[in-house]
Amino acid sequence: MILTEKQQAILNGAEGETMAKVMKTLVMYGDAFEAEKLVPITSKYNHLVTSFGLKVMSPVYDLMQQILDAGVASGQKFSVDPRPLDSKVPANFLQNFVFKNFMYTKQDFYEKQLDKLGLMDKDAFTCTCYMDEVGNKPKKGDILSWAESSAVVYANSVLGARCNRNSGIIDIMGSIVGYVPYFGLLTDEGRKATWVIKLNTTKKPDAQLLGSAIGMKVMEDVPYVIGLDKYLGSELNDEACTYLKDFGAATASNGAVGLYHIENLTPEAKEMGKAIIAEGAKEYIIDDAELQRVKDNYPVIWKKKDAKPKLCFMGCPHMSLQQLKDWTDKVEKGLKENGNKKVLIPTVFTAAPKVLEEFNKTEYAARLKATGVVTSYICPLMYMNNPLCKTMPVITSSNKLRTYTSARYYSDDEILNALTKGGK
Amino acid sequence: MKQFKGRVVTPGKVTAEALVTREGFNTLASMQMALQFGDKEVKCGDQSNKDIYGKSMLNKALCLPQTIGSTTGGLVLYCACAMGKNPACMLFANHIDSLAAAGAVLADVWVDGVTMPVVDSLGDEFLNYVKDGMKITVDEDGTVTVE
């Protein structure tokens, strides 16, 4: 990698040992991808993936402390993934005991570190930092040092920013020196589609199931999807963006997708059309049967496979304001049709603190509360990542949550049925 | 016995027993529960990975196409190394992905006394040939001997 004089001086220790180690990390990281140079970060804000004060992650907090002690923390403010705990979310005595005394014992300590490192504000905890209500929305062409797979894939694909699938810690290191290695999704070549996905379904597929099928097929490659605009239209309106948020999260967690193009819809696909497809791109045809095959292959690891669900999580990634409103209507309607007043399974809808703040100003908030659904800013993934939840029958419409925990994936229709009527 | 030549990402020399996943290795899903709850064998917790779910990863030569999943992957790998709960080495059939590369580099730069050789670009033939339990030797130049 060719470094500028200033970058080389930092690497040689001109700004201290810790800064030199940060630069060495970025140079080695770039070398792994034959990056030819470091390029400046141009986004206003950063986004970090590590939001949780897990006792087991002590090496991370030790490293953050080294950065703080050396006084090299970045001037670039950041948002960060959701908090792992919220007393509003149902948990039994044992769960609460384990959360507070064994798992998240470093939460307060780490949040103080985040504040000193440059947290945007006390409510900047969400995986959907790009929501208007949150305010960390990069511009097209911005170079980012973000982590959080669902946010990175959204920023690249829907907003047209440029960011690699950086890991936690690498995210803040880029921000500290102000540069990221130039490779992969930062380059024009790396943004070309190497898969063509032809969608031949008879109806609009569930976003998280379609994303899962594509993620598992293309892994870390870039797919170009033909046929989805038939259902989403050709404008990135609220409905399309919400769909793509969930679709992208599934591509990124069930595979390793960092960028996708939707024909006639996402910015680069609209600008370049099929010219953005690389020569020799592979093809994957998705029809109703293929989606069913993918869904049927998800393992069910509940102890009792036909157990009655004890909890339902919606909002991984966090729900949008419109999604909260739409689901309020759906749940109300379903309950009415089935002669029920409250949801039949304890249910949590999760969203960014600032999205919830806006939602709570609308008349929908009281209506949703009346159905028995709880809203929270929690990270469902962090809530479920413990042995006590391993045998707990939790259902979710999130293919990301299914991937990382024992939660079982239900389609949106199945979720609604389970909540308002009972059964699947 | 067969030898494969790959590209060195982080150098080192080691001999270990092979543990093979032909599916993408989801670092967070595979390692978090084991690290968090003190599983001494560091058994794989990824329910979706039929190849290695429930198998011990500690001190094994982890053979894989690439890692997938959450961008916490790199820091989870870094923590595993800092806690001495890492595989003996990681051997990638494909070019290394950004999350695994981050984990390997973070461990190399920020953790004293830990060596986890990482070699990539070993090719599909490597992953087709290697089986669980085979003896793997990794050399400093990226030569991987399977027997």
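## Chain B: contacts and overall form

Let's start with how chain B holds together: among its contacts between residues at least 6 apart in sequence, 79% join residues at least 24 apart. Two residues are in contact here if their C-beta atoms, placed from the backbone, lie within 7 Å. This is a predicted model, in which local features need pLDDT of at least 70 and side-chain atom pairs count only at pLDDT 80 or more, while totals for chains, interfaces and linings use all residues. Residues are numbered from 1 along each chain as its sequence is written, and chains are lettered from A and ligands numbered from 1 in the order in which they are written.

Chain B has 4 helices and 10 strands. Helices (H or I, at least four residues) and strands (E, at least two) are DSSP runs, numbered from the N terminus. Read from the N terminus, the elements of chain B follow the pattern β-β-β-β-α-β-β-α-β-α-β-α-β-β. The radius of gyration of chain B is 13 Å, close to the 15 Å that the globule rule gives for 147 residues, so chain B is as compact as a globular protein of that length. That radius is taken over C-alpha atoms, and the globule rule is 2.2 Å times the number of residues to the power 0.38. The C-alpha trace of chain B spans about 40 × 35 × 25 Å along its principal axes. Of the 147 residues in chain B, 59% are buried. A residue is buried if 20 or more other C-beta atoms lie within 10 Å of its own, exposed if 12 or fewer, and partly exposed in between, with C-beta atoms placed from the backbone.

## Where chain A meets chain B

The contact between the chains takes 39 residues from chain A and 37 residues from chain B. On the chain A side, the elements that give two or more residues are α2 (17-31), α3 (58-69), α6 (149-157) and α18 (399-404). The largest share of that side comes from α2(A), with 5 residues.

By class, the side of chain A that touches chain B has 21 nonpolar, 13 polar and 5 charged residues. Ala, Val, Leu, Ile, Met, Phe, Trp, Tyr, Cys and Pro count as nonpolar, Asp, Glu, Lys and Arg as charged, and the others, Gly among them, as polar.

## The domains of chain A

Chain A is divided into domain 1 (5-186), domain 2 (191-296) and domain 3 (311-420); such bounds come from an automatic or database domain assignment. Taken over C-alpha atoms, the centres of domain 2 and domain 3 of chain A are 25 Å apart. Their contact takes 12 residues from domain 2 and 11 residues from domain 3.

On the domain 2 side, α8 (207-218) and α10 (238-254) of chain A are the elements that give two or more residues. α10(A) gives the most, with 7 residues. This side of domain 2 has 3 nonpolar, 6 polar and 3 charged residues.

## A parallel sheet and its helix

Chain A has an open sheet of 5 strands in the order β11-β10-β9-β12-β13, with parallel pairing. Two strands pair if DSSP finds at least two bridges between them. β11 (374-376) and β13 (408-409) of chain A stand at the edges with a single partner strand each, so one side of each is left without a neighbour in the sheet. Strand β9 (residues 311-319) and strand β12 (residues 394-396) of chain A run parallel and are joined by 3 bridges. Here A:Phe313 stands opposite A:Thr396 in β12(A).

Helix α19 (residues 412-420) of chain A packs on the sheet, touching β9, β10 (347-351) and β12 of chain A, and its direction makes about 140° with that of β9(A). Axes are lines fitted to C-alpha atoms, for helices over the stretch in contact, and angles run from 0 to 180 degrees between N-to-C directions. In α19(A), A:Ile415, A:Ala418, A:Leu419 and A:Thr420 are buried. Their cover includes β9, α13 (321-337), β10 and β12 of chain A. After α19(A) comes A:Gly422, whose phi is positive, near 100°.

## Backbone details to look for

Strand β9 of chain A holds A:Pro317, and the peptide bond from A:Cys316 to A:Pro317 is cis, with omega near 5°.

A:Glu34 lies in the loop between α2 and β1 (38-40) of chain A. Its phi is near 55°, a positive value in a residue other than glycine. A:Glu34 counts as exposed, with 11 C-beta neighbours inside 10 Å. A:Ile169 sits in the loop between α6 and α7 (170-177) of chain A, and phi of A:Ile169 is also positive, near 80°. A:Ile169 is buried, with 28 other C-beta atoms within 10 Å.
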